[in-house]
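Read the questions below with the model open beside you. Try each one before reading its answer.

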Amino acid sequence: IVVGLSAAIDLYGISRQGTAGYIPGDLGFDPLGMYPKAPEERKEMQLKEIKNGRLAMIAIVGFAIQEAVKGVGVVDETPFFFKPITATLGPYFDHLTNSGYLN
């Protein structure tokens with residue numbers, strides 16, 4: 001189902017190529033109306049999106065380098081960001097309750 005939906009969205013984007021005002025990646029989905037109307041503001045928003053994407057790519061490369069150097073996965077290195085909060089802080093709270101701090 002997900003692959004079919006992705007293919008349908010991709011085909012919709014391809015069908016829009018060559019139409020007036022076509023911008024790659026702009027499928028006209030803006031339910032909150034946050035995309036600017038003025039051309040200058042649109043250019044600024046597009047530049048921010050490009051910079052955000054580039055920063056995300058650098059972060060992923062950093063994760064890969066960290067895993068290669070340390071030999072430990074980023075998910076295991078920083079579980080607070082990737083696992084449920086009860087799994088990461090649960091042992092801490094168990095220690096507090098067993099030691100009498102939270103009784």
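Helices (H or I, at least four residues) and strands (E, at least two) are DSSP runs, numbered from the N terminus. This is a predicted model, in which local features need pLDDT of at least 70, side-chain atom pairs count only at pLDDT 80 or more, and totals for chains, interfaces and linings use all residues. Residues are numbered from 1 along each chain as its sequence is written, and side-chain values use heavy atoms, with hydrogens and water left out.

Q: In which helix is Glu 49 found?
A: The helices carry numbers counted from the N terminus. By that numbering, Glu 49 is found in helix 2.

Q: Is Glu 49 buried or exposed?
A: Buried means under 20% relative accessible area, exposed means over 50%, and partly exposed lies in between (1.4 Å probe, protein chains only). Glu 49 has a relative accessibility of 51%, so the residue counts as exposed.

Q: How many Å apart in space are Glu 49 and Ile 23, C-alpha to C-alpha?
A: In sequence, Glu 49 and Ile 23 are 26 residues apart. In space, C-alpha to C-alpha, their separation is 13 Å.

Q: How many salt bridges are there?
A: A salt bridge is a side-chain nitrogen of Lys or Arg within 4 Å of a carboxyl oxygen of Asp or Glu. Lys 83 and Asp 76 form one, at 3.9 Å from N to O. Under this rule the count is three.

Q: What separates Lys 48 and Glu 44 along helix 2?
A: Their side chains form a salt bridge, 3.3 Å from N to O. Lys 48 is partly exposed at 49%, and Glu 44 is partly exposed at 44%. Because the two are four residues apart in helix 2 (residues 39-70), the separation is about one helical turn.

Q: Which residue meets Glu 77 in a salt bridge?
A: Glu 77 is partly exposed, with 32% relative accessibility. The distance from N to O is 3.1 Å, and the partner is Lys 70.

Q: What is the volume of the largest pocket?
A: On a 1 Å grid over the protein atoms alone, a pocket is an open set of points where a 1.4 Å probe fits, with protein on both sides within 12 Å along at least five of seven lines. Grid points are joined across faces, edges and corners, and a volume is the space filled by probe spheres set on the points. For the largest pocket this comes to about 370 Å³.

Q: How many residues line the largest pocket?
A: Lining residues have an atom within 4 Å of a point. Gly 25, Asp 26, Leu 27, Phe 29 and Tyr 35 lie nearest the centre of the pocket, and the lining has 14 residues.
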